[in-house]
Amino acid sequence: LYPKLAMRVLRNVKFTGDLDFLRQNWETLKFGLDALLKLDFDGDGIPEGYPDEVKNTFDNLEVFGADAYDATQFLGGCKALLTLADMVGDKAGKERIQAAFDKGWKSLERLWREGENKAGEKLQYYVTCFDPKSGKKNTDVWLNQLDSHWYLLSIGEEPLIPEDRVKKILKTVYRNNRAFMGWAMCKTENSRPVKSDQGKDVYTTSNYVFAQLLDYYGMAKES
């Protein structure tokens, strides 16, 4: 959850102007990133953590290797840290953070999928997770893969993911994850319920973020 802390610190500093708070806690923020990078056991630039430990608040979902939510959260946290590094004038720190971001961004591409489901519908999204060691992949469609992208936009920062790709993801999720009362957190690539009870849920906050992104990217009718 450390990347969320980094993004929230950026939000607070931007809206309060409290640079003294940032300076007092900057070394701690960098320590947090260093600690997180130690959980990148396969060296691909995306911290995957220990396989039997819960990595995020979605503790009922089966994930392995690099997953779409944690990978994009990590990159969003790095983006926030790059801005914070500029605020405190830490050039050396920024170079290290940029290197971590670049390595993680390159690995994120391995989660990208363009294909079709059994109904012949186009799929363009980040798969739920991928293990580079075994090649194992979970192709479920995860609603929350754009959460950090939304957060950065909401605090006036540059977006994490290119616009054309975001629109592809939104269209895929909109069509694939529709449920009775909104959009399910996860569905299979064939728009079927996943095994996880949490994955079947329709989260109000997740749907709020999704609706805002649809509206922001010109899909107001869908939102």
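Biologist: Before we discuss packing in this predicted model, which distance between heavy atoms does contact mean here?

Modeller: The term rests on heavy atoms alone, and the cut-off is one distance. Contact means that heavy atoms lie within 4.5 Å.

Biologist: With that cut-off in hand, which helices do the buried residues of α5 pack against?

Modeller: Helix α5 is mostly covered, since six of its eight residues are buried. These buried residues are D147, S148, H149, Y151, L152 and L153. The elements they pack against are α1, α3, α6 and α8.

Biologist: At what angle do the axes of α5 and α8 cross?

Modeller: Helix α5 covers residues 147-154 and helix α8 covers residues 204-216, and their axes come within 10 Å. The crossing of the two is left-handed. As for the angle, the axes of α5 and α8 cross at roughly 65°.

Biologist: Which residues in α6 meet F210, L213 and L214 in α8?

Modeller: Here α6 passes α8 in a left-handed crossing. The residues of this contact divide into six nonpolar, no polar and no charged. Those on the α6 side are L170, V173 and Y174.

Biologist: Which element gives the largest share of the largest nonpolar core?

Modeller: This core has 53 residues, and those with the most contacts inside it are W26, L29, L81, L84, I97, Y126 and L170. Elements that give two or more residues to the core include α1 (2-16), α2 (19-37), α4 (91-108) and β3 (122-130). The largest share, ten residues, comes from α3.

Biologist: Which residues does W26 touch, not counting residues up to four places away in sequence?

Modeller: W26 is one of the residues with the most contacts inside the largest nonpolar core. Not counting residues up to four places away in sequence, W26 touches L81, L84, A85, V88, D90 and I97.

Biologist: Is Q73 buried or exposed?

Modeller: Q73 is found in helix α3, and it touches P3, K4, M7, D147 and S148, not counting residues up to four places away in sequence. Buried means under 20% relative accessible area. Because its relative accessibility is 7%, Q73 counts as buried.

Biologist: How far apart in space are G65 and R178, C-alpha to C-alpha?

Modeller: G65 has its place in the loop between α2 and β1 (66-67), and it is buried, with a relative accessible area of 15%. In sequence, G65 and R178 are 113 residues apart. In space, C-alpha to C-alpha, they are apart by 27 Å.

Definitions and conventions
Residues are numbered from 1 along each chain as its sequence is written. This is a predicted model: local features need pLDDT of at least 70, side-chain atom pairs count only at pLDDT 80 or more; totals for chains, interfaces and linings use all residues. Side-chain values use heavy atoms; hydrogens and water are left out. Axes are lines fitted to C-alpha atoms, for helices over the stretch in contact, and angles run from 0 to 180 degrees between N-to-C directions. Helices (H or I, at least four residues) and strands (E, at least two) are DSSP runs, numbered from the N terminus. A crossing is left-handed if the near helix is turned anticlockwise from the far one by less than a right angle, and right-handed if clockwise. Ala, Val, Leu, Ile, Met, Phe, Trp, Tyr, Cys and Pro count as nonpolar, Asp, Glu, Lys and Arg as charged, and the others, Gly among them, as polar. A nonpolar core is a set of buried Ala, Val, Leu, Ile, Met, Phe, Trp, Tyr and Cys residues joined through side-chain atoms within 4.5 Å. Buried means under 20% relative accessible area, exposed over 50%, partly exposed in between (1.4 Å probe, protein chains only).
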